[in-house]
Amino acid sequence: MDVLKIRKDFPILERKMRGQPLVYLDSAASAQKPRPVIEAMSRFYEQGYANIHRGVYELSMSATDLYDQGRVCVQRFINAAHEDEIIFTHGATESLNLVASSWGAANLKEGDEVVLTQLEHHANIVPWQLLQKKIPFKLRVVPIKKDGDILLQDVLEALSEKTKLVSVAHVSNAFGTILPVKDIIKAAHDRGIPVMLDGAQAIAHETVDVQALDADFYVFSGHKIYGPTGIGVLYGKRAWLQSMPPYQGGGDMIENVTFEETSFLPPPARFEAGTPHIAGVVGLTAGLNYVTSIGMQNIAVHEDKLLAYAHEKIGTIQGVRLIGTAPRKAAILSFVMEHAHPHDIGTVLESRGIAIRAGHHCAQPAMESMGLMGTARASFGLYNTFEDVDSLAEGLRAVREIFA
């Protein structure tokens, strides 16, 4: 994997920030975009744009083909069994809301339980709380260990005859913890309980095979895997999707409409009301093809090396404490420093052209479980180098000098 060659595919990495080369360490929030994605979307808007499906003219039919090809591309990328198991949404957040609003409203009743973990992103907490205002079911929360890990035994203890769904992160966005999701799914399925995985962080760091995992639902966002914002995916097993009511109403998801009654198309159309983000699907397709051309295994190996180097390099700086040291981790490094607020750390690093994230990372319960208000977070992508880690280490020494 030639990282220096790969970096040339990302125009933004040629920029200087504060007079210094940009060191982008915030891919967990949103990954930068390679030229093939930018060019594919630009080409579509410049030469191929039209609305899809009902147009009988060439532009519309070509745009429809691109959209449909995008669904097949996603199906192959995550190894879904059927093309109609892929639903396009605005992102992982909407995908989670869709399942909570549609599946949850149809399947949950008073006294039922949904199992989450303390590691969850707010997007896998708040939709369930909103639904609780309509249906008095309970959330059962699996605790985090001191190293940021989740133990399978704790998940097993949370399951009961009241459990109707397990909905957990595949990878924690706050700490990078990789949850034992395959074992969780098997344990839940042995009890007849379906499982949804929030794959927003996992999708860019490892090969995701939804059939091998046997997940009932899997969600992710395009912008985390080098595609555009505003496009995401909900994978659902065909049987579940076919049993679920619509999430939104509008054009393109109906079979027949009268003022007395409306009938709906089967999935995926049932869950894609209105004009979709067509260019987003074009960009997502280009992003998936891009990482496939490099090889997800090659990306994983490179990022694992970066993370190991960062743990050694950053973890030994005086005053730095790493947060989240589980044995299974993706390329996310969270930390705090003595005498320096995470926002101060981020500000000093920004003055040196280094971009990191600071705060609670939309995971306040996870932070509170660690006794923290927030952390500084460096997250790595396929374009990062060991020199980027060295720049981060130098920047943190500068932070220490200022605040110590």
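1. The model is a predicted one, and a search of the whole structure finds one cavity of 30 Å³ or more.

2. The lining of the largest cavity includes Ser27, Ala28 and Ala31, then Ala200, Gln201, Ala204 and His205. Lys224, Tyr226, Glu303, Phe380 and Gly381 also line this cavity.

3. The largest nonpolar core has 78 residues, and within it Ile78 and Leu382 have the most contacts. Helix H10 (residues 278-294) gives this core its largest share, 10 residues. Both domain 1 (3-27 + 296-403) and domain 2 (38-293) contribute at least three residues each to this core. As background, nonpolar side chains in soluble globular proteins tend to be buried together.

4. Which residues is Ile78 in contact with, leaving aside its neighbours within four places in sequence? They are Ile86, Ile203, Val208, Asp209, Val210, Phe220 and Tyr235.

5. On cysteines, the structure holds zero disulfides. Cys73 counts as buried because its relative accessibility is 14%, and the cut-off for buried is under 20%. Cys362, with a relative accessible area of 34%, is partly exposed, because that class lies between the 20% limit for buried and the 50% limit for exposed.

Key. Residues are numbered from 1 along each chain as its sequence is written. This is a predicted model: local features need pLDDT of at least 70, side-chain atom pairs count only at pLDDT 80 or more; totals for chains, interfaces and linings use all residues. Side-chain values use heavy atoms; hydrogens and water are left out. A disulfide is a pair of cysteine sulfur atoms within 2.5 Å. Buried means under 20% relative accessible area, exposed over 50%, partly exposed in between (1.4 Å probe, protein chains only). A nonpolar core is a set of buried Ala, Val, Leu, Ile, Met, Phe, Trp, Tyr and Cys residues joined through side-chain atoms within 4.5 Å. Helices (H or I, at least four residues) and strands (E, at least two) are DSSP runs, numbered from the N terminus. Domain bounds come from an automatic or database domain assignment. Contact means heavy atoms within 4.5 Å. On a 1 Å grid over the protein atoms alone, a cavity is a set of points where a 1.4 Å probe fits but cannot get out, and a pocket is an open set with protein on both sides within 12 Å along at least five of seven lines; lining residues have an atom within 4 Å of a point. Grid points are joined across faces, edges and corners, and a volume is the space filled by probe spheres set on the points.
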